[in-house]
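Dear colleague,

Please look through the model before you read on.

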Amino acid sequence: MTTTTTDTHEGIDMTKTALVVGASGIGGSGIADLLVDREWAVHGLARRPTGQPGVTPVAADLQDARGTADALGTIDPDAVFITTWARRDSEAENIRVNAAMVRNLLDGLPKPARPRHVALVTGLKHYLGPFEAYGKGTLPQTPFREDQPRLDVENFYYAQEDELFAAAARDGFTWSIHRPHTVIGLAVGNAMNMGTTLAVFATLCRETGRPFTFPGSAAQWTGLTDMTASSQLARHLLWAAETAGAHDQAFNIVNGDVFRWQWMWRRIADWFGIEAAPFDGNVRPLEQQMADDADKWRQIAKREGLAEADLSRLASPWHTDADLGRPIEVVTDMSKSRRLGFTAYQPTDDAFFALFDQLRAERLIP
């Protein structure tokens, strides 16, 4: 289905316009690609925009209110997709910085001249708590549902939501909030990137003969979990923007299947032609397993002619450790979206394999 219409009688171009914030990240590149495919006019905002086909680059630092307003002064989008955040050393700083980024963005846009929808991507830390209290304390019962109340703890996701609500009340746009589980997709230099991290780790294990050892907890190894492909997130974002019944609501968004890591770990190992090491119940974080791998990756990259020799721009072990080290089973309910008509489905193992194929095609892994 195309979203482009042109009034041929009046000769007025009615192409829909989108602003994708964080267009070079995992979530942002996914929705940007989908919108380009649907023939939207897409502006991609980033501090250092990349040359994405079909995307008009917008360079802006969202922590700079004046600079953001200057960069956005001539853009009046039908839809805005906020897919970025900045990591800081404490949750208090995460709140201060990330709330300001959303506020500066929405204050910097021209007031809507026609209906506008703004979508904010957050995640399951809405239910699990911020990194400082991740998976601790009294948590909601799984599967997580959108009507469960906020935790009694400071969380930058809540601060971002509050900025969105305030701007919507002021400017009259509709909104949606999207809470994916861990996102599988292609991005270089991304702070939270499990798929590429596991691809790099498997490659290193194959090269060095080290065991492909699961880094996480017994609860994650044996319990049920789910994930979100960037393509699935993109479909959900566009669906909510174009579906009146989905406006002014928050949604979970996952692939639609569930799995156990004891099965998925073997599936990933098989793709890379290695054996999955037996799990003995001990947590062996990737930050420790990969601590001394930077030089080895540079050697592999030089030998194979890879596009990125800096291991830190491909792998984010700290984030993968946080997800795979959780002491509880984490599954997500999608009933709310299903009832409203969103029926897209993506097998998670296929999402991993598609990413690995793409990483190989882009010369990011050998």
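**Cavities and cores**

The largest cavity has a volume of about 50 Å³, where a cavity is a set of points on a 1 Å grid over the protein atoms alone at which a 1.4 Å probe fits but cannot get out, and a volume is the space filled by probe spheres set on the points, which are joined across faces, edges and corners. This is a predicted model, in which local features need pLDDT of at least 70, side-chain atom pairs count only at pLDDT 80 or more, and totals for chains, interfaces and linings use all residues. Residues are numbered from 1 along each chain as its sequence is written, and side-chain values use heavy atoms, with hydrogens and water left out.

Among the residues that line the largest cavity are H181, M194, W261 and R326, a lining residue being one with an atom within 4 Å of a point.

The second largest cavity holds about 30 Å³ of space, and its lining consists of L62, I82, T84, N98, M101, V102, L105 and Q160. Helix α3 (residues 91-108) gives the largest share of that lining, four residues, helices being DSSP runs (H or I) of at least four residues, numbered from the N terminus.

W261 returns in the largest nonpolar core, which has 40 residues, and is one of those with the most contacts inside it, as is W297. Such a core is a set of buried Ala, Val, Leu, Ile, Met, Phe, Trp, Tyr and Cys residues joined through side-chain atoms within 4.5 Å, with buried meaning under 20% relative accessible area (1.4 Å probe, protein chains only). Its largest share, eight residues, comes from α6.

Best wishes

Notes
1 Å grid on protein atoms, 1.4 Å probe; cavity = no way out; pocket = protein on both sides within 12 Å on 5 of 7 lines; lining within 4 Å. Helix = DSSP H or I, 4+ residues; strand = E, 2+ residues; numbered from the N terminus. Buried < 20%, exposed > 50% of the residue type's maximum accessible area, 1.4 Å probe, protein only.
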